[in-house]
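Hello,

Here is the structure I promised to hand over. Please have it open while you read the notes below it.

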Amino acid sequence: MLLQFENLITQEDINEVAESERLHFDDDERVSILEAMRTIDVQACPGSGKTTLIGAKLILLAKKWRFQHQGICVVSHTNVAKDEIIERLKQSKIKEAQRLLKYPHFIGTIQEFVGKFVAFPLIRSNGNSINLVDTDACVELIYSKLSTGTKMYVDNKSQHSNVLYDFDLDYTDGCISINVPTFPNGSTSRSYKELLSARENLLKDGYFFYRDVFSFAQKALKENEALSIALRDRFPCVFIDEMQDTQKFQDDLLCEIFPLDDVNIIVQRFGDPDQAIFHDVGNEEPNQSFNGKSRIDMDYVIHKSYRFDSILAEKIKSLSFNEIPLESELSALSLEERAKAHVTNGNFDHTIIVFNDDTLETVVESFSQITSNQFTAEYKKSHKFITKIVGAVGNEIDPNADQLKIGHYWPHYDKSKSSEPFKENCLIEAVRHCHRSSSIDWGEKYKLILNCIIKFTRIAEKLDENQRFYTTTSLRDVLKVNGRWAAFRKCIYLLLRDNKTIDQTVWERICNILVSQLEIQNMPAKAIQYMAFSEEITQSDGIDEQNQENILNASIEDNRIYHPDGFQIELSTIHGVKGETHDATLIIETKNQIFDFETMLPYLTGELPCADHPNSKMSEKPHWKRKFKPNKRFMRQFYVAMSRPRYLLCLALHSDRISDDQKQLLLNKGWKVEVLEPAADIS
C-alpha cells in the first residue's frame, strides 16, 4: 500500500489546490508537510493555519484516492476542530473533496472513532444497546435514582455531587468492573449498594460515561486481535489533530490500533506541546508519545504565525517550552487591516501593568482604558471585537487562605458562569448566550439549543416508544415521521434570531409550540422551571453603590464588563480561552501555592534565555542549554494566554514581584510599563 503513496503529491498538485482554494504555501516547511506520505509528527505554533494545512492535505489526497473500500481516517480531540475540517471540505471548490465526507472515509472525534469502530460493536454483540454517551447526563440520572440518605452521603463527599464523576469502569484480566466512588474496597452499606445498582442499571439500559467507551474498547481489542488489523487495512492513512490535548489512555489506544512503527500505514499527527494545558483534567495523565517530544524530535515544526506581527511574536516566543523561534507571517493585506484597527499607525503599546495592594481592583479599569485608547471607535463597536482578561486561577476565593485569583481583581467574577465551557441552568440562558456569542457560528448555536431541548425532555421524563430517553437522532426521526420536524426547526430558528432582547409573550408562545410538538403533558416543576422566562440581568443591575463610580458596568450573569465606548470585556480562565483568538488580552497574575507570573518574568525580561533559532528545520541542537529548569505547567499556560491576541497584549503583576532593573529590561524589549498609583485622598 505505501508503495502506491510514494511521490503521490507533487508541487504541481499543491499549486493547483492553492490556486483553487486561494491559499499560499510559499515556505518549504508547509510544502514538505503537504508532500510527505509517511508517518510524521508536526508541531504547529499558535496561528499557524494548522487546520487549513490539514484541510489542504486532505483535498490533495481526495483528488488522488482510488481505493473503493479503504479510506482516510481523520480524528480530532474536539467537535469544534472536527466541524472546522468538515466545513473546509464542504466549501472546497474541488469536487473530489466531498468524497471524504462519506464511506469509506471517517472524520470525527477520538471519542466517536473509538465508539463506532471498536467499543460499540462489542457492546451490541452482547445484546446491549447504546442509547446515550454523556457523562453529565449519566451523573444526573444516577443521582435521581438515589434515596434521600444516599444523596446526603454523596453531597457530603463533594459539592454538587461531583464525586459521581469518578464512577469509572476498570478493565482488568479480561473483565470490566465498576469502581464505586468513595468505596475503593467495596462495602455492605446501603449507599454502596444503591450506587452500584444505579450504575449497573444505566449500563444495561445503554447509558454510558465518555470514559466507559475506552474501557469497552480495551476489552474489544484484547478479545479480538484481528480487529486492529482490520482497522489498519480499512484506514491506511490516519490524521490526528489537536494531538497535544490527547490524554494518555486515548493515545495508548490509538497507538495500539495504529502503531507508529507500522511501515504499512501512514499516521500524521498535528499539535503543539507548548499548548498542552489540558493534560491534568480529571486527573488523567498526558500523552508522552507526542507531548514528550522536544522540537528536535519533531519531524516538522511550523514556527511562522498568521496571527500576530513580529513585535508580538518576539514577546511571546520567550515562553515556548520547546524553544520555538516564533515568527510572524502576516501578509501585506493583514498589516493593512492592522493599521485600520489602530488609532494611528498599527503599532500597539504592549503594556506591563504594575499594581500594589491599594490599586489591585483598578487593574481591570486600567486595561479597559489602555484598550479603548488604542483601537479606533469604529473597530471597538464591531460585533467581532473580542477583548478578554484571563488568569490561571479562577475558582472561589477562600478568605482565610493566602491566594490571588481572578475574583480579587473583579469581585463579580464567578467561574461557574464563564461562557467557556458554557453550561445553562435553563433554556433562556442558553438562548441569550447564543445571542451574545459572536465567535460561535450558527451551527454550534443550533447544536447547543437542540441539546438543551433534549435535556428538557429528560427533565420532563418524556420517553420514546421504546421507553427510553430521547437522543437527537431518535427525536429527529420521530418528528419527521409525524411531519413536525420543519416546524420544530423553525422554533429553534426563532429562538436564535439575533434579537437584543427577548419579549416574554414571544418566548412563551415559542415554548408552548415546542412543548406541543414534543407532546409533553403534566410537566414536573423542574421542567416548567427549565423553560420559564426570566428577565436578563445586564449592565449595572446588581452592582453596589461603591462600584457605580466606576466607568465600567458588569453583567453578573456571564462575567462580562461593559465599557461606555461600546465594547465588552470578558473574564475567563486560561483554560477557558484555549483555541481562541482575541483582539486584546490582559493576563493577570494569580496564586494558588506560588505566584505564577513571578516564575515566568525572567523569561520575559531576557534574564533567562529564550528560543532564537531561525532554522525552521531545527535539525541541530541549540548551542546553549537553559540554566534553570522552568515550571513547565506555568510556561505552557502563559504561552497559551499570551498567544491569544492578534493586536494588543497586556500583563499585570504586583510591584513586590518586579524590580526596577526588570522594569528597565522590559522597557528595553519594547514593553510599556504602567505603574498604577492609588487615587489621591481628598477627604
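**Aromatic rings and their contacts**

Start with a charge over a ring: the charged end of R636 sits over the ring of F321, 5.9 Å from the ring centre. R657 does likewise with F595, lying over the face of that ring at 3.5 Å from its centre. Bear in mind throughout that this is a predicted model.

Now the ring pairs. The structure holds 24 aromatic pairs. One of them joins F214 and F249. Their centres are 4.9 Å apart, with 90° between the planes, which is edge-to-face. This pair links distant parts of the chain. F214 belongs to helix α10 (residues 210–223) and F249 to helix α12 (residues 248–257). The two residues are 35 apart.

A second pair to look at is F385 with F567. The ring centres lie 5.5 Å apart and the planes meet at 85°, so this pair is edge-to-face. It also links distant parts of the chain, 182 residues apart. F385 is in the loop between α16 (377–380) and β14 (387–391). F567 is in the loop between β16 (560–562) and β17 (568–573). F385 is buried, at 8% relative accessible area. F567 counts as buried too, at 3% relative accessibility.

Best wishes

Notes. Residues numbered from 1 in each chain as written. Predicted model: local features only at pLDDT ≥ 70, side-chain atom pairs only at ≥ 80, totals over all residues. Heavy atoms only, no water. Phe/Tyr/Trp six-rings, centres within 6.5 Å; stacked < 30°, edge-to-face > 60°. Helix = DSSP H or I, 4+ residues; strand = E, 2+ residues; numbered from the N terminus. Buried < 20%, exposed > 50% of the residue type's maximum accessible area, 1.4 Å probe, protein only. Lys NZ or Arg CZ within 6 Å of the ring centre and 35° of its normal.
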